[in-house]
Amino acid sequence: MTGTPPTALRPQHPNPRSLRGLAEAFGFEVRGGIDDLDVTGVAIASGAVQGGDLYVGVPGRNAHGARYAGQAAANGAVAVLTDAAGVELAAESGLPVLVTPDARTALGEVAAWIHRTDENPATLLAVTGTNGKTSVVYLLYAILRQMGVTAGLTSTAERRIGDEAVTSSLTTPEASELHALLARMREVEVRAVGIEVSAQALTRHRVDGLVFDIAGFTNLSHDHLDDYASMDEYFEAKRELFTPERARRGVVTVDSEWGRRLVADTRIPVTTLATEPGVDADWRMSLLEQAPTRTSFRLEGPDGRALETHVPLIGRFMAANAALAIVMLVEAGHDLDLIAGAIAERGIDAYIPGRAERVSGERGPVVYIDYGHTPDAFEQALEAIRSTTDGRVVMVFGADGDRDTTKRADMGAIAARGADALVITDFHPRSEDPAAIRAALIAGARAAVPEREIHEIGDPRAAFRRALTLVGEGDAVLYAGPGHEDYHEVAGVKHPYSARDDARLALQEAGWLE
Ligand SMILES: CC(=O)N[C@H]1[C@@H](OP(=O)(O)OP(=O)(O)OC[C@H]2O[C@@H](n3ccc(=O)[nH]c3=O)[C@H](O)[C@@H]2O)O[C@H](CO)[C@@H](O)[C@@H]1O[C@H](C)C(=O)N[C@@H](C)C(=O)N[C@H](CCC(=O)O)C(=O)O
Ligand SMILES: Nc1ncnc2c1ncn2[C@@H]1O[C@H](COP(=O)(O)OP(=O)(O)OP(=O)(O)O)[C@@H](O)[C@H]1O
């Protein structure tokens with residue numbers, strides 16, 4: 001996947017900056033003539049380079065990026081920034097080379113300098129946590145727009161400025177892309193931006209060169225133990241967002257021990273939010289009503305301030321995400337009454353692609369396509385569906401290949417406990433044997449509930465159609481995993497596949513959708 005140029009939103013009228021000025025500002029060693037050269041952008045993937053860019057060659061898992069300096073030059077790069085190991089490779093391109101001990105560490109500040117990020121007046125709202133980041137940034141975006149604020153977002157699904165959107169490749173863009181996106185947002189006078197920040201982004205310097213106005217925390221649960229040696233290390237990666245170098249203020253959901261630990265450990269001022277009963281916090285969310293099409297809730301603040309609203313989505317977890325978004329906006333300086341006024345009547349008018357997205361119509365079973373791929377996400381989504389469904393709940397799911405294998409047994413177990421029947425299928429097996437991934441999920445399910453009805457069908461299209469044969473009016477299907485995605489990755493090849501489109505087609509074939 002690396003080397004594929006990510007589609008990126010960039011400023012349309014960049015202000016050129018002097019390359020000599022850049023080298024002097026950062027104390028870079030210079031090889032080659034750079035006087036009279038200007039730089040207008042920055043990229044770390046050669047395929048993404050545009051005329052006037054600085055190409056930054058960073059070492060990767062597969063190759064040193066400096067190896068691709070020739071392609072960067074062909075695409076119009078004016079110079080290369082790299083480390084000592086990359087100098088010789090970069091010089092082969094014929095471009096001048098700037099040298100720094102660690103090009104990845106330098107990238108964020110360099111991108112901020114080139115794109116003048118300091119001059120960006122937008123409020124920056126960062127969201128981290130294992131689950132709910134994408135949802136919270138879409139909820140922030142929706143509320144801001146309902147309040148008449150020009151907003152942007154960056155998430156796993158999309159980067160979005162007003163109505164302009166491009167599909168994302170990473171959850172958090174590389175720093176080169178992120179600062180360009182913010183510069184583009186400044187051009188169109190975006191005033192507030194929701195930014196999803198993964199643990200990997202913090203660890204890999206993708207949000208360097210930014211200090212967020214508000215950092216929000218959703219939750220922490222089992223995921224990414226292929227990237228981090230333990231839950232403690234994973235937590236430490238997230239905790240970094242709640243330091244003065246990264247954020248001015250925080251809003252922390254304290255339902256879990258991890259949230260409480262974050263509050264105890266942080267060095268920035270934080271406001272707390274509880275969304276479960278019996279947890280003490282500055283703000284408390286309580287559910288009012290759960291229906292298959294919406295969830296309404298009440299949010300109460302420290303001084304008796306309160307609002308009631310709803311989200312057009314299922315589940316306590318979605319109300320929790322919405323409550324976090326609202327408290328983040330209050331902490332960013334928005335008046336609670338103004339927020340309430342904007343969302344009281346119509347509720348929060350959010351569309352979140354592929355997160356508990358209802359694809360069924362008026363007739364037949366209710367079908368949700370979800371992006372859940374962790375044990376906790378499975379549990380939350382199943383609980384939400386149970387609380388709005390009297391009939392059977394059938395769950396279709398698989399597990400990522402080449403990703404944290406230790407969560408598979410738990411995913412199987414939670415599905416077996418929460419659903420009446422399971423259809424276990426393939427979800428991006430990547431380089432792994434798909435049958436072995438299914439076997440791990442089935443073993444987890446059988447260990448938890450030996451008698452559970454389980455169907456094993458590798459092809460996701462056939463699996464979903466099997467699920468439809470197991471349900472009828474009043475029942476529900478949860479298809480967890482693919483969410484908004486439009487591909488199915490097998491052995492390094494991405495095959496076109498949209499679970500949402502295919503599910504609609506299957507519902508039509510079954511006569512349940514026009
Ligand atoms: C493990 C990891 O983070 N890998 C990232 C890394 O890839 P890499 O080290 O393998 O790169 P490489 O292939 O060795 O190439 C080295 C350099 O040469 C460049 N190159 C390479 C080939 C070429 O033709 N031209 C070129 O310029 C590459 O852009 C890179 O800068 O640098 C690439 C360029 O930016 C990233 O795309 C890639 O993210 C991969 C796709 C990835 O999957 N990352 C995951 C771990 C990740 O970050 N996930 C979180 C999700 C969190 C969540 O689920 O919540 C995220 O924020 O997305
Ligand atoms: N607050 C929450 N608590 C637990 N599970 C949640 C929560 N919000 C969403 N989920 C579940 O997690 C899935 C992913 O949600 P979302 O995309 O918002 O999270 P994320 O943190 O952005 O994950 P990713 O970066 O992988 O997209 C949802 O489809 C849902 O199943």
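This is a predicted model: local features need pLDDT of at least 70, side-chain atom pairs count only at pLDDT 80 or more; totals for chains, interfaces and linings use all residues.
Let's start with strand β8: six of its six residues are buried, so the rest of the structure largely encloses it. Buried here means that 20 or more other C-beta atoms lie within 10 Å of a residue's own (exposed is 12 or fewer, partly exposed is in between, and C-beta atoms are placed from the backbone).

Residues are numbered from 1 along each chain as its sequence is written, and chains are lettered from A and ligands numbered from 1 in the order in which they are written.

Back to β8. Both of its faces are covered, with Thr123, Leu125 and Val127 buried on one side and Leu124, Ala126 and Thr128 buried on the other. It has parallel pairings with β12 (residues 192–196) over five bridges and with β13 (residues 212–217) over four bridges; strands count as paired if DSSP finds at least two bridges between them.

Gly129 counts as buried because it has 27 C-beta neighbours inside 10 Å. Ignoring neighbours within four places in sequence, Gly129 is in contact (C-beta atoms, placed from the backbone, within 7 Å) with Phe217, Thr218, Asn219 and Leu220.

Next comes helix α5 itself, residues 133–146. Its 14 residues reach 20 Å from first C-alpha to last, close to the 20 Å expected at 1.5 Å a residue; that expected span is 1.5 Å times one less than the number of residues. Of those 14 residues, 12 are buried. Lys133 is found in this helix and is buried, because 26 other C-beta atoms lie within 10 Å. Again setting aside neighbours within four places in sequence, Lys133 is in contact with Val127, Thr128, Glu196 and Thr218. Just after α5, Gly148 takes a positive phi of about 85 degrees.

What does the record say about this stretch? An unreviewed UniProt entry lists Gly129, Thr130, Asn131, Gly132, Lys133, Thr134 and Ser135 as "binding site"; such annotations, given in the numbering used here with shortened feature names, may be inferred rather than shown by experiment.

Now look at ligand 2. It is surrounded by 24 residues, the closest being Asn131, Gly132, Thr134, Ser135 and Gly372, where near means a C-beta atom, placed from the backbone, within 6 Å. Helices α5, α10 (316–331) and α12 (375–386) each supply at least two residues of this shell, and α12 gives the largest share, with four residues. The unreviewed UniProt entry also annotates residues 354–482 as "domain: Mur ligase C-terminal". Over that range the chain is 37% helix and 19% strand, and the end C-alpha atoms are 8 Å apart.

Elsewhere, an open sheet of five strands runs in the order β2-β7-β6-β5-β4, with mixed pairing. β2 (29–31) and β4 (41–43) stand at the edges with a single partner strand each, so one side of each has no neighbour in the sheet. For β4, there is parallel pairing with β5 (residues 53–57) over three bridges, and Ala43 stands opposite Tyr55 in β5.

Technical notes
Two residues are in contact if their C-beta atoms, placed from the backbone, lie within 7 Å.
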